[in-house]
Every structure is written in C-alpha cells, then in structure tokens.
Amino acid sequence: MLQAIKGMNDILPGEVALWQTIEETARAICEAYGYQEIRTPVLEKTELFARGVGESTDIVEKEMYSFVDRGGDNLSLRPEGTAGVVRALIEHKMHAADPEVRVYYIGPMYRRERPQKGRYRQFHQIGVEAFGIAAPEVDAELMAMLYQFLREIGLPDVVLDVNTLGDQSDRPRYLEALRAHFEQHRSELCEDCLRRIERAPLRLLDCKSERCHAVALAAPLVLDHLGPASREHFDGVRRALDRLQVPHRVNPRVVRGLDYYTRTVFEAVSTGLGSQNAICGGGRYDNLVEQLGGPALPAIGYAQGIERLVMLVADKLALRAPTAVALVPVASEQRAQALEIAALLRGRRIRCILDLAGRSVKAQLRRANRANAAFAVVLGEEEIRRGQVEIKPLVEGESAEQVAIASLVDRLTARCAERAAG
RNA sequence: GUGGGUGUAGCUCAGUUGGUCAGAGCGCCAGGUUGUGGCCCUGGAGGCCGAGGGUUCGAAGCCCUUCACUCACCCCA
C-alpha cells in the first residue's frame, strides 16, 4: 500500500478545525501586537542554514534534508524558520524602510530525525521575530504575547522558563568556568557529556541523566558571570515580565540548542507530552543578522510547534458547531429545485448539503443529522404544489414551520443567524 | 544511528497449550411508514489475520527473515 513518508503526517478533515483555530488565534494576537505575516520559501541554499543555525549543531550536522538540484546548487528544506526570515530581511533591506521589523510566520519545517511522540520529520511552527529593538521590554512583550496566546487556546498552566546566556563579552568567560567545573567531574559524566565539554559545555546543563544533572546543579551559574550590560538587560526583562504579569520562573538549565542565541532565552514546557515536552522555544539573537551579511541589528524571536499544541488542546478547545442546512428533495422530481435553492443559500455563505444520490427521505434525514445540520428543508410534491416547503429543525426546542418558497432563503438565513447568535 | 513494544474488518480490539478461530463493539449501507433524523430492533456489505519462507496431517497462534507503525535514547518545536 502507498504510504506517506515516515514522520510526515496527513492532517485529516476531522482535525483541521483544531489547526485552524490555533492558527487563527495566533494570527489575531500577532496582529494585535503589531506583527505582520511573512512567507518565505521552504527551500533555501544549504549554506544559509549552515551559517545561520550553526555548523556544529545536530540540526545541520545530521538532520537536514539536503540535495543538489539540477543546476548544481546545494539546497535544503528549512529545518527552522529564523534563518529564512533573516535572509529575506537582508535581501529586501526591510530595516531600511523601518528600523523596527516585526514579523510572524506559520508553516512546515523539516528535520530528518527518528519520529516519536510529538516529533515528526515534517512539523509545523508558528514563529515570531522582532528586529531592531535592543530594549529588554521587547523580550518581555514577546513573552507576554506568547502567554496570551497560550491562555486563549486554553493552556494557561504552561510554565515559562527564562534564562540568559550572556553576550559576546561575557559568554566566553562563562564557558571556560563551565569547562573547568566539568573537567573536575569527568568521572561522573555520561559519554555524551564528555564529548560536549569542549564543543558545547552549555548542553551539559540540561542533560537528563541523573548523575550529570547532579554535577550540573553544582556548576557555576551564568548569573554570576554576566557583564554589567547583560545583567542589566536580564533584570530589565524580568521587571517588565512582572509588570506585565506574565507568570515565569528563572531556570538556569534552559540553554537552547541553536548556536545563534545571546542573552535572553526562554521556553515553554508542558507535562502530558511525553519526553518531547517543549511547546515553544526562543530567545535573543543579536549577532545573527550581521553574521549573515546584514547590518548589526539586534533581534529576538521564538517558535512554537503546532503539532504539540494540537495534542495538548485536542480535548479542551470547543470547536464551533457547523450551522448547516440539509435540503431534502422527496423524489428526484424535486432535485432541480433543491439545487437551485442550495445555490441561493450558498451564495449567502450558508453551509448547505444536498443529496444527489436519490436516497430515501429517511436516509437523507439520517445523513443530515449526522452531518450536524441545524435544519432540514423537506421539498415534497404536495407542498411545492401549494408553493410551500417545510423547515424542520434537527435539534431540540425549535419548532418546524411551513414557509412560502419565495421567502425560504430569507427565512433560513434569519434562523441560521438566530442560532449563531444564540 | 541505538534499544523496547505492536502488526487480526474503515476504527478500537478479543482470539485460552497450534485443531468450526475468522469474531465483538463502534462506524457504514438497508429495512422496521406510499414522504420524516436522533433512541431501539433486524439484516447486510467489509479481512489472502502486515509480507515472505519454514515446521506440521493441520498455523492468526510456533521458528526464521523482512517491512511497517509506535515509544524511548540523542536532539529539539
């Protein structure tokens, strides 16, 4: 049997409503905060990700879908959204028109990892990026936006973990202090962490192995190694978060996996997702734009995984019931007229179904009921001869009525509106 | 890349030590009113028991191989 590619899922009609609700909520909130949607290609030059995400990250080293196209270019499916957005920003000199650029995107990303619960090879992210603003208040504003979003889709209990990684001037010193600490405890570390000491000492901090965890707890804190500028920035972020009443906690173990982060980093984690528990991750990346050939623009952003949101929200989000009309021609002689009425209703954007298979009235009503139709309109030979049809509600507590065919569309429109309002 | 688990009807799953074991519930279709849904009753369609090989008089159940799905490690959304 033909199957979808491993780790790539079909989102079937039954679950799409949930996706749409999440996406619409995200759009509305982003717009409210002054962000505009941007759409960039899913395919970019491999070099962009190598330089942007970081040569030595797992993502670039072993997870990208890369290939050489017929023209000889090295291309990759985007493993994340920030690099492409930064490329577009630079390419179109967006910062020249307005030094502050706030954008968001929604779309698929690709990473060739072993799939498991909450992790897929094609997954979808809602991402937000703010360029050109160095003030700590943007960091907080962004997190406030995230929090509002989580609240509105019904996840107010998600915990927001915040940390800082320092900037170029204090990070090297901190990394050295970390290396020194871990070197002293080599014998207690897992194999993976031993390899990380040189290359990515920060990563030891969030290792899940218990023994490493113990060593990490005793490790020097970033907060003690921040220069005055970074410290002031972090304090500013926290003050603003408090002011905006965004529930959060400082967690020194949040380090993030991508190379480009500086200063503020944060993530939102949730229980109930298995081991892939991060539903959102982000942070400041003040050097990336320049690093990719653009101006020295400070920036900050985050991305959330839609699949993971859908899993959490699946049983919580109330989906609006379809308000629909089912036209029921009693016999094939009434079908043409039913079609005509359906066209009028549909012209008014009223969801409308109509049996074209010649089913019995009983079968048509059964199907109308299952389709969640609010009203059935029975078109029978006798009534039509009298110039009338029956509007039959399919829910409790509403009365049926006979209406003149001429006023049917208006009457149905009104009753659908009543239901939508009530 | 490394481990564990699972593959029987569209879906969720039963199938005792290999011998009416090819089933149930839900869903789907139809009938129970010459033109009226939901509840209920009755009936029907639908499966080479993931695939290939082996053992056996006999395999959904045992052995081997393979594929797929899934969870976890790693990493991350």
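**Close-up views of a predicted model**

**View 1. Gln 122 and its polar partner.** In this predicted model, the side chains of Gln 122 and Tyr 110 make a polar contact at 2.9 Å. Gln 122 belongs to strand β6, which covers residues 122-131. Is Gln 122 buried or exposed? With a relative accessible area of 19%, Gln 122 counts as buried, because the cut-off for that class is under 20%. Setting aside neighbours within four places in sequence, we find Gln 122 in contact with Gly 7, Met 8, Pro 108, Met 109, Tyr 110 and Glu 307.

**View 2. Strand β5 and the strands it pairs with.** Here we turn to β5, residues 101-110. This strand is mostly covered, with nine of its 10 residues buried. Which strands does β5 pair with? Strand β1 (residues 36-37) runs parallel to β5 and is joined to it by two bridges; Gln 36 has Val 103 of β5 as its bridge partner. The pairing of β5 with β6 is antiparallel and extends over 10 bridges. One of the pairs to look for is Gly 107 with its bridge partner in β6, Gln 125.

**View 3. The two sides of helix α9.** Take a look at α9, residues 210-217, where the buried residues are Cys 212, Val 215 and Ala 216. Viewed down the helix axis, the buried residues of α9 fall within an arc of 100 degrees, so they line one face of the helix. An α-helix has 3.6 residues a turn, so residues three or four places apart point the same way. Glu 210, Arg 211 and Leu 217 are exposed on the other side of α9. Among the elements covering the buried residues of α9 are α7 (171-184) and α8 (191-199).

Conventions: Residues numbered from 1 in each chain as written. Chains lettered and ligands numbered in written order. Predicted model: local features only at pLDDT ≥ 70, side-chain atom pairs only at ≥ 80, totals over all residues. Heavy atoms only, no water. Buried < 20%, exposed > 50% of the residue type's maximum accessible area, 1.4 Å probe, protein only. Helix = DSSP H or I, 4+ residues; strand = E, 2+ residues; numbered from the N terminus. Arc of directions from axis to C-beta. Contact = heavy atoms within 4.5 Å. Polar contact = N/O pair within 3.5 Å; in protein donor to acceptor, adjacent residues only side chain to side chain. Pairing = 2+ DSSP bridges.
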